[in-house]
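The entries follow in the order in which I made them.

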Amino acid sequence: METKSIKAFGTEAAEAPLKTLDIKRRAVQAHDVEIEILYCGICHSDLHSARNEWHGTMYPIVPGHEIVGRVVKVGDHVKNFKVGQLAGVGCMVDSCRECDHCKNDLEQYCDEGSILTFNSPDKHLGGHTFGGYSQSIVVDENYVLHISDKLDLAGVAPLLCAGITTYSPLKHWKVGPGQKVGIVGIGGLGHMGIKLAKAMGAHVVVFTTSPSKFDAAKQLGADEVVLSTDPEQMAKHAKSLNFILDCVSAEHNIDSYLNLLKVDGTLTLVGAPMDPLPVTSFSLILGRRSFAGSAIGGIAETQEMLDFCAEHNITADIEIIGVNDVNNAYERLLKGDIKYRFVIDMASLK
Ligand SMILES: [Zn+2]
Ligand SMILES: [Zn+2]
């Protein structure tokens, strides 16, 4: 297959810093869209993957799955995209398209495993897929999203992972007006969860371990902020929440949050702590409560989320950096020193 050589930013080993690499993209096929990448968000999973912390990383790796840019070429059979339009790519670039999940717009749960934007087998070129820290990407139009020109484009990039990861569970568990919803943690995911739950009409209670984040949580739209390390503040919310979105990746006490749920309430994990989380049976039994998890969202739902954000004027709060700042940004990410998402200006990749 014909290919094109482009610049990308990635690494050849877990211990090595990221640097400029040359990679190949396939020539545009009949159903493909080629996107010149303008911005790419930095997700915590980029760092985990680059450093092989989840194991299974194939090198060289080019991370990045919060991609926005402009369509520069379309295949002969492409129906929904035109050259010059804005477009986005999230965590998936393909899936089997035939299993029940794919047929029901749940490609993220594809039985065959969806093809992730980076570090998945590349059925076109062999080898593995390369992500958005790069000049361009070629993706089947069925896995490309439309992006509104009403919003700040750099701030839209993180919607493609952090946005859909929080939107999908809020929708699935029917968060809306008249409900009290808890958001645990104010990071890349949590800050989107606050904005989206608020825009859906819920009363939003934010839980944080740091008093210094109270004002920030309020600015993001929280109706109430609770210091989760203070048992008295926690007790005030006992049995009062309809739903809790848990965005924390560090070890934390799940029971203390389950006990804040009403009867039939659900706590859904979108953060991913590495170690198993202990849960006391009675925290679930006494209240018929559910402890759940959720992964990104399907392509149709991702488009719905982007449209919802355009309608409600929602973008991520970001800090724009150049590619040469990525290694430093990873270190800051580990310290939580970011409000709330780094976004790479890909024009800096030369
Ligand atoms: Zn991500
Ligand atoms: Zn499938």
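This is a predicted model: local features need pLDDT of at least 70, side-chain atom pairs count only at pLDDT 80 or more; totals for chains, interfaces and linings use all residues.

Entry 1: I began with Asp 264, which counts as partly exposed because its relative accessibility is 40%, between the cut-offs of 20% and 50%. I found Asp 264 in strand β14, residues 261–269. Its phi is positive, about 70°, although Asp 264 is not a glycine.

I then looked at Asn 119, another residue other than glycine with a positive phi, near 65°. Asn 119 sits in the loop between β7 and β8 (136–140). Is Asn 119 buried or exposed? With a relative accessible area of 18%, Asn 119 is buried, since the cut-off is under 20%.

**Entry 2: cis peptide bonds.** I looked up the bond between Tyr 59 and Pro 60 and found it to be cis, with omega about 0°. Pro 60 belongs to the loop between α1 and β4 (67–74). I also noted a cis peptide bond joining Lys 339 and Tyr 340, where omega is about -15°. Tyr 340 is in the loop between α11 (326–334) and β17 (341–345).

**Entry 3: the zinc ion, ligand 1.** Which residues coordinate this zinc ion (ligand 1)? I listed Cys 43 through SG, His 65 through NE2 and Cys 161 through SG, at 2.0 to 2.2 Å. Along the sequence, the spacing of these donor residues reads C-x21-H-x95-C. Cys 43 is in the loop between β3 (32–41) and α1 (44–50), and Cys 161 is in the loop between α3 (153–156) and α4 (162–172), so the pair ties together parts that are 118 residues apart in sequence. I checked both cysteines for burial. Cys 43 is buried, because its relative accessible area is 8%, and Cys 161 counts as buried at 7% relative accessibility.

Entry 4: Cys 99 counts as buried at 10% relative accessibility, and Cys 110 is buried with a relative accessible area of 8%.

**Entry 5: nonpolar cores.** How many residues does the largest nonpolar core have? I recorded 92, and those with the most contacts inside this core are Ile 42, Tyr 133, Leu 170, Ile 183 and Val 326. Helix α10 (residues 299–311) gives the most to this core, with six residues. Domain 1 (3–161 + 298–348) and domain 2 (166–293) each supply at least three residues to this core. I followed up Leu 170: leaving aside residues up to four places away in sequence, its contacts include Val 175, Gly 193, Met 200 and Phe 243. Apart from this core lies another, of 16 residues, with Leu 241, Val 248, Ile 254 and Leu 269 among them.

**Entry 6: the record.** I looked up the UniProt annotation, an unreviewed entry, and it gives "domain: Enoyl reductase (ER)" for residues 16–344. In the model, this span is 25% helix and 26% strand, and its end C-alpha atoms lie 19 Å apart.

Definitions and conventions:
Residues are numbered from 1 along each chain as its sequence is written. Chains are lettered from A and ligands numbered from 1 in the order in which they are written. Side-chain values use heavy atoms; hydrogens and water are left out. UniProt positions are given in the numbering used here, feature names are shortened, and annotations may be inferred rather than shown by experiment. Helices (H or I, at least four residues) and strands (E, at least two) are DSSP runs, numbered from the N terminus. Buried means under 20% relative accessible area, exposed over 50%, partly exposed in between (1.4 Å probe, protein chains only). A nonpolar core is a set of buried Ala, Val, Leu, Ile, Met, Phe, Trp, Tyr and Cys residues joined through side-chain atoms within 4.5 Å. Domain bounds come from an automatic or database domain assignment. Contact means heavy atoms within 4.5 Å. Donors are N, O and S atoms within 2.8 Å of the metal (3.2 Å for Na, K and Ca); water is not among the atoms, so sites may look incomplete.
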